[in-house]
Amino acid sequence: MNNFILEIDHIFVCTTKCVADALVLQELGLHCSPHLVQRVEQGTASRIIFFENTYLELIWVEDERAFERHAACTGIHTSARFDWQRTGASPFGIGLRSKFVTAKSPLSFRRRRIESTQPDVSVHFAVPNVASLEEPICFVIPNSIALTTSLDASLSAHRQLMSHPLGINKLTGVKVTVSGDRPLSHAISLLCLHGIVTIEKRTSPLLELTFDSEMRGKILDARPILPILLKY
């Protein structure tokens with residue numbers, strides 16, 4: 001498992017602006033970055049919560065027309081994932097980064113240019129995974145925009161972003177509950193095989209995040225506002 005070249009860079013949850021503004025995760029003891037991330041081309045915006053080795057992103061549709069245009073062109077974000085309570089689609093996404101700069105992804109992904117201030121920034125998606133709405137979407141990002149490149153623990157401002165009243169530091173486990181009985185795509189199956197994520201099938205989507213190897217033996221539940229369970 002330790003020789004697998006990919007690791008989790010970040011995880012996103014499709015939600016609404018009202019839910020993101022409710023700050024339920026802050027009430028549970030997490031520190032949320034005060035800056036909104038605007039993706040004009042995609043028609044989305046998001047709030048981010050940073051940890052030592054990853055970040056959690058709450059993403060919502062900000063501009064319906066831009067979102068529909070982008071979805072029609074790429075098929076990446078679909079309204080079904082944002083309307084997951086009704087459609088049964090997974091509202092989760094898993095962004096992956098390479099552990100090594102020159103490593104070649106073991107997954108057969110399709111390259112897609114993304115909106116960025118840097119030239120030629122592309123994200124790679126696995127087509128069968130994108131088409132399987134019941135499972136979390138997964139994708140590989142370039143190291144130039146990975147968390148390990150942009151976050152510097154030696155800077156006090158960055159340390160503050162990763163400092164949480166709850167006292168948690170490092171993500172050590174991810175379990176995603178999916179609905180439906182369809183076989184998992186090759187991309188998700190490979191991540192499961194190498195211990196990157198655990199997939200469990202139930203009736204409703206749920207994201208279980210374990211921090212610091214669950215040393216304190218505590219659980220915090222953000223439901224019903226967000227389908228997120230924190231273990232630490």
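Predicted model: local features only at pLDDT ≥ 70, side-chain atom pairs only at ≥ 80, totals over all residues.
Me: What makes β9 and β11 (residues 206-211) a pair of strands, and in which sense do they run?
Reply: Two strands are said to pair if DSSP finds at least two bridges between them, and here six bridges join β9 to β11, with the two strands running antiparallel. One of the residues involved is Lys 175, whose bridge partner in β11 is Glu 208. The strands themselves (E, at least two residues) and the helices (H or I, at least four residues) are DSSP runs, numbered from the N terminus, and by that count the protein has nine helices and 13 strands.

Me: Why are β10 (198-201) and β12 (219-221) placed at the edges?
Reply: The five strands form an open sheet with mixed pairing, in the order β10-β9-β11-β13-β12. β10 and β12 each have a single partner strand, so one side of each is left without a neighbour in the sheet.

Me: Why is Thr 177 called buried?
Reply: Buried means under 20% relative accessible area, whereas exposed means over 50% and partly exposed lies in between (1.4 Å probe, protein chains only). Thr 177, which lies in strand β9, has 1% relative accessibility and therefore counts as buried. Contact means heavy atoms within 4.5 Å, and, leaving aside neighbours within four places in sequence, Thr 177 is in contact with several residues, including Phe 92, Glu 200 and Glu 208.

Me: What is the accessible area of Ile 199, and is that residue buried or exposed?
Reply: Ile 199, found in strand β10, has a relative accessible area of 18% and is therefore buried. Apart from neighbours within four places in sequence, its contacts include Pro 136, Val 176 and Leu 184. Across the whole protein, buried residues make up 51% of the 232 residues.

Me: Why is Asn 169 given another label, and where does this residue lie?
Reply: Its relative accessible area is 32%, so Asn 169 is partly exposed. Asn 169 lies in the loop between α8 (156-161) and β9 (171-178). Not counting residues up to four places away in sequence, Asn 169 touches Phe 51, Glu 52 and Asp 212. The C-alpha atoms of Asn 169 and Phe 211 are separated by 6.8 Å, although these residues are 42 apart along the chain.

Me: What makes a group of residues a nonpolar core, and which residues stand out in the largest one?
Reply: A nonpolar core is a set of buried Ala, Val, Leu, Ile, Met, Phe, Trp, Tyr and Cys residues joined through side-chain atoms within 4.5 Å. The largest has 47 residues, of which Leu 25, Leu 56, Val 174, Leu 207, Leu 209 and Ile 228 touch the most other members. Apart from it lies another core, of 13 residues, among them Ile 59, Ile 76, Ile 137 and Phe 139.

Me: Why is the ring pair of Phe 50 and Tyr 55 described by a particular word?
Reply: A pair of aromatic rings is described by the distance of the centres and the angle of the planes. Rings of Phe, Tyr and Trp (its six-membered ring) pair if their centres lie within 6.5 Å, and planes under 30 degrees apart count as stacked, over 60 as edge-to-face and the rest as tilted. For Phe 50 and Tyr 55 the centres are 5.6 Å apart and the planes stand at 50°, so the pair is tilted. Phe 50 is buried at a relative accessible area of 14%, and Tyr 55 is buried at 12%.

Me: Why does the pair of Phe 125 and Phe 139 get its label, and which parts of the chain does this pair tie together?
Reply: Their ring centres are 5.4 Å apart and their planes are at 35°, so this pair is tilted. Phe 125 lies in strand β7 (residues 122-125) and Phe 139 in strand β8 (residues 137-140), so the pair ties together parts that are 14 residues apart in sequence.

Note on methods:
Residues numbered from 1 in each chain as written. Heavy atoms only, no water.
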